[in-house]
Amino acid sequence: MVPNKTLPLDQILVGDCIEMMNRLPERSVDLVFADPPYNLQLGGDLLRPNNSRVDGVDDDWDRFDDFATYDAFTRDWLKAARRILKDDGALWVIGSYHNIFRVGSILQDLGFWIMNDVIWRKTNPMPNFRGRRFTNAHETLIWCTKGKDQKGYSFNYDALKSLNDDQQMRSDWLLPLCTGPERLKDAEGRKLHPTQKPEALLYRVLMATTQPGGVVLDPFFGSGTTGAVARALGRHYIGLERDPAYAVAAEARIAKVIPMRDPDIVAIRSKRSEPRVPFGTILERGMVRPGEILFDERRRWSARIRADGTLIAPSREGGVQGSIHSVGAAVQGAPACNGWTFWHVQRDGMALPIDIFRQQVRAELAAG
C-alpha cells in the first residue's frame, strides 16, 4: 500500500480539524478514527460520597451552546472526513449516550453506511456516585463505509478470529479503561487528558479495518493513542489536535514507540487469499486414505472416505454422499458446513481436524 506522498504522514498538526482536513488531498486516507467531544452538558461538579470532586470532562473543547451548534459542528467535520476518505475507506467514531445517537443520525444523513455498532464494555467503569442511574459501563463505536454501494473496504476477519481464540469476533468488546503506566499524567500527577482511550481498543480497530502501510487520520488526536498504536502496527498516522499541550504530549509518547517494520510480523493473511487445496489433494498425497472413517469432534456423526474424494455417511434416509462440506451439513441438518474444521481423523490416539493436512500442503506450496 503506497500512501499519497503529499500527505503529512506520521505528524501531528495543530489547529482546527475541519480546516486542516479541508486542506488535505481528496480520497487520500484509508481510515478515519474519531473520538469527538461528547457534549456532556454538565451542570456542575460531580462529587463522590466523601464530597471529593471527580476529575471528569469539563474542558472548553467539550462545551457547545446547544444541540444545534453541536450538530452543525458534527456535520462539518464528518463532511470533511468523507472528502478525504478513499473510495474504499471507512470511518470509526466513538461516543457516549450524550452524543453517539446524534452523530449516527448525521452519518446516515450524509450517506455513510453503518456496518456495525460496537459496544465497548468497560471492565472497570466509574461508579454512579449519586445512585440515581445505572452505572455508565460502556461506550458505543460506529463503523461505517462511505456508502451503501461501496465495492471494497478492509475487514480482516481471520485476524480478528485469531485474536479471539479462533472464534468469530463479536460486536461487544470487554476491555478495561486506560489506567496504570499507559495513562499520561501531568507534572502534578493528574490525568493529562480526561478521555484517553486504551491502546487495546485502538489495536482491535486497526487490526480489524486497516492494512500494513495504510494511512489512519484522527481528527481529535488528544493524547495520541491512535498514533501510538498505528506506529506499533506498521501503519501511518495523521493527527489533528487543537490543543498544543496535548500535541506535545502525544508526540513525546509516540516517539517512545518502537515502529513495526518486519513485514512478516505486521502482514495480515486471509484464508480466502491462500491457495485453494481440494480435499482430493490430501487424499492423493496419502494424508488420508480411501475407506478411512472421519468423525466430528464430539463423535456424534461419522462418514467414510470414498476413492474419488467424496464422503458417504449413514442417515435416516439410508445414506448421503457428497463433498466434505455437503455431507457435514447433511448429517447435522444444517444449511452449510465447513468440512475442513468439522471432520476429524484419528492419528496416534488423537482426533485431528483434517484442516491440518490442508495447512501442511499450503505451507509446502508457499515454501516452493
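This report covers the sheet, the helices packed on it, the nonpolar cores and the salt bridges of a predicted model.

## The sheet

Eight strands form an open sheet with mixed pairing. Their order is E1-E8-E7-E2-E3-E5-E4-E6. Strand E1 (11-14) and strand E6 (172-175) stand at the edges. Each has a single partner strand, so one side of each is left without a neighbour in the sheet. From one strand to the next, the twist averages 20°.

Strands of a sheet pair through backbone hydrogen bonds, either parallel or antiparallel. Here, E4 and E6 pair in the parallel sense, over four bridges. Arg121 stands opposite Leu174 in E6.

## Helices across the sheet

Helix H2 lies across E2, E3 and E7. Its direction is about 145° to that of E3. Helix H5 (residues 199-209) lies across E2, E3, E4, E5, E6 and E7. H5 runs at about 145° to E6.

## The nonpolar cores

The largest nonpolar core has 33 residues. Met21, Trp77, Leu91, Val93, Leu107 and Leu217 have the most contacts inside it. The largest share, seven residues, comes from H2.

A second, separate core has 30 residues. Phe33, Ala159, Tyr237 and Ile268 are included in that core.

What does Met21 touch, leaving aside residues up to four places away in sequence? The list is Trp77, Ala80, Ala81, Arg83, Ile84, Leu217, Pro219 and Leu240.

## Salt bridges between separate elements

Side chains of opposite charge can pair when their charged atoms come close. The structure holds 17 salt bridges. In one of them, the side chains of Lys146 and Asp87 meet at 3.7 Å, N to O. Lys146 lies in the loop between strand E5 (138-145) and helix H4 (157-163), while Asp87 lies in strand E3 (residues 85-95). The pair therefore ties together parts that are 59 residues apart in sequence.

Are these two partners buried or exposed? Lys146 has a relative accessibility of 12%, so Lys146 counts as buried. Asp87 has a relative accessible area of 51% and is exposed. Both residues also belong to a network of salt bridges that links Glu26, Arg27, Asp87 and Lys146.

Glu139 and Lys122 form another salt bridge. Their closest N and O atoms are 2.8 Å apart. Glu139 lies in strand E5 and Lys122 in strand E4 (residues 113-122), so this pair ties together parts that are 17 residues apart in sequence. Glu139 and Lys122 are both buried.

Which residue forms a salt bridge with Asp355? The partner is Arg358, with the closest N and O atoms 2.7 Å apart. Both residues lie in helix H12 (residues 355-367). They are three residues apart, about one turn of the helix. Asp355 is buried, as is Arg358.

How values were computed:
Residues are numbered from 1 along each chain as its sequence is written. This is a predicted model: local features need pLDDT of at least 70, side-chain atom pairs count only at pLDDT 80 or more; totals for chains, interfaces and linings use all residues. Side-chain values use heavy atoms; hydrogens and water are left out. A salt bridge is a side-chain nitrogen of Lys or Arg within 4 Å of a carboxyl oxygen of Asp or Glu. Helices (H or I, at least four residues) and strands (E, at least two) are DSSP runs, numbered from the N terminus. Buried means under 20% relative accessible area, exposed over 50%, partly exposed in between (1.4 Å probe, protein chains only). A nonpolar core is a set of buried Ala, Val, Leu, Ile, Met, Phe, Trp, Tyr and Cys residues joined through side-chain atoms within 4.5 Å. Contact means heavy atoms within 4.5 Å. Two strands pair if DSSP finds at least two bridges between them. Axes are lines fitted to C-alpha atoms, for helices over the stretch in contact, and angles run from 0 to 180 degrees between N-to-C directions.
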